[in-house]
Amino acid sequence: MSAAMDTLNPHQRRWQDAIEGVQRRIQGVPPYRASGRIVRATGLVLEAVGLRVPLGSACRIELSMPSALSSSVPDNERFAEAEVVGFSGEKLFLMPLEEISGLLPGARVFPLGEGGQQGSARRFPLGESLLGRVVDGNGRPLDGLAPLTDAPHAPLTTPPLNPLARAPIETQIDVGIRAINGLLSVGRGQRMGLFAGSGVGKSVLLGMMARYTRADVIVVGLIGERGREVQDFINNILGAEGRRRAVVVAAPADTSPLQRLQGAAYATRLAEGFRDAGRDVLLIMDSLTRYAMAQREIALAIGEPPATKGYPPSVFAKLPGLVERAGNGMQGGGSITAFYTVLTEGDDQQDPIADSARAILDGHIVLSRALAESGHYPAIDIEASISRAMTAIVGNEQQRQSQRFKQMMSRYQRNQDLISVGAYTPGHDPQLDQAVMMQPKLEQFLQQRIDERADITQTHQALDALLPA
């Protein structure tokens with residue numbers, strides 16, 4: 001072949017090179033390209049026929065563009081990306097990742113897999129290059145910086161860890177909040193929930209933890225919240241120092257339910273990647289309730305029957321699947337300490353999502369609207385809150401101090417009405433007398449300014465001064 005090429009003149013050699021290039025490209029093209037077509041579009045769900053791809057696979061739906069725009073619109077914007085969320089017989093149920101326009105009856109649907117009909121899980125950017133970045137639920141930058149094409153990519157799903165191989169929770173971490181460090185101690189690898197109604201201070205408390213908690217990496221998932229909160233969280237809560245070691249995944253309320261589900265899974269997958277690299281990760285998810293609501297929207301749209309207060313059964317199956325991915329890794333490896341906010345609608349602590357989350361988390365911190373309205377911040381209801389790992393991570397002395405603190409708070413609260421109307425007389429109940437006398441100091445211990453950091457050492461000193469052994 002080389003001898004024959006040597007006999008060609010330069011013009012013939014250029015033609016020969018071009019032909020060989022075309023042949024190489026043709027050889028790389030699959031022998032066929034599978035496609036289906038859209039037969040129905042109702043609400044959030046599209047129905048397609050003519051494809052056999054597994055659940056969770058990604059597809060591209062062909063869109064129609066006005067003739068005046070078709071030449072100026074890039075090829076990748078003439079398609080809408082969707083995911084297979086269910087099927088019935090030969091029909092596939094697809095949910096677009098974004099709002100779409102230009103969809104026509106019979107529009108073609110192409111799987112994003114290799115080799116035609118096999119389908120493929122979508123792959124997302126991971127790793128160190130995401131530190132300091134703000135991305136959406138697809139892994140696309142929202143901060144106007146360079147695209148993440150050079151970052152390693154991987155699917156969102158990972159095999160579950162063997163529960164017997166996980167390292168135990170045995171080391172307390174410093175969250176910088178006096179009430180939590182002293183009375184609701186959190187361990188490395190613990191999963192905690194922040195339960196409260198709207199406007200009680202969940203996001204601000206999470207922001208304090210993000211700033212003050214000692215962790216190698218912070219992963220923040222802002223799922224289904226107001227779009228304004230994204231910039232506010234980054235600029236005013238994380239700040240420049242916190243942002244350098246943080247990744248923010250934002251899927252606000254105006255994104256599709258599939259995008260919100262994907263955003264929560266992506267934030268968890270990022271945290272898993274850092275944990276597997278031996279890092280200690282703080283995962284902040286705001287909020288778990290919006291994640292559940294997104295799954296409810298999808299499940300109801302594809303025909304799943306509502307069960308508990310309008311929530312289909314798949315919602316309660318999804319929650320532990322997400323939460324169990326956090327926690328400690330293998331012995332001697334990294335960890336994911338996670339805080340999930342849970343919105344209790346109407347301040348109802350028996351809301352089905354709150355009740356389910358309470359059962360699968362390693363503790364819960366309840367924020368009280370009454371305390372928030374009285375100017376008590378952070379508005380933590382110590383009586384209703386608990387850390388299930390506290391007995392394994394703190395000494396006996398701190399456990400006794402915490403118990404005495406809660407007992408005095410509880411005794412005062414039970415008699416507060418009598419005290420308010422003047423029906424309380426000192427001398428009849430020594431324990432109540434002590435609780436009344438200590439109440440101002442107890443409240444002072446629980447309150448903390450937003451810009452104030454209280455580390456574990458300071459917290460222990462304050463507890464010892466308040467309740468000496």
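Me: What does contact mean when helix 6 is said to pack against other elements?

Reply: Contact means heavy atoms within 4.5 Å, and helices (H or I, at least four residues) and strands (E, at least two) are DSSP runs numbered from the N terminus. This is a predicted model, in which local features need pLDDT of at least 70 and side-chain atom pairs count only at pLDDT 80 or more, while totals for chains, interfaces and linings use all residues. Residues are numbered from 1 along each chain as its sequence is written, and side-chain values use heavy atoms, with hydrogens and water left out. Here, the buried residues of helix 6 pack against strand 8 (134-136), helix 5 (202-212), strand 11 (217-223) and strand 12 (246-251).

Me: Which residues of helix 6 are buried?

Reply: Buried means under 20% relative accessible area, with a 1.4 Å probe and protein chains only. In helix 6 (residues 227-244), the buried residues include Glu229, Phe233, Ile237 and Leu238.

Me: Where is the kink in helix 6 centred?

Reply: The bend at a residue is the angle between axes fitted to the seven residues ending there and the seven starting there. In helix 6 there is a kink of about 100 degrees, centred on Leu238.

Me: In what order do the six strands close into a barrel?

Reply: Two strands pair if DSSP finds at least two bridges between them. Here the order is 1-2-5-4-3-6, with antiparallel pairing, and strand 4 (residues 79-88) pairs with strand 5 (residues 91-96) over six bridges.

Me: Is Ala58 buried or exposed?

Reply: Ala58, found in strand 3 (residues 58-62), is buried, with a relative accessible area of 1%.

Methods: Expected span 1.5 Å × (residues − 1). Buried < 20%, exposed > 50% of the residue type's maximum accessible area, 1.4 Å probe, protein only.
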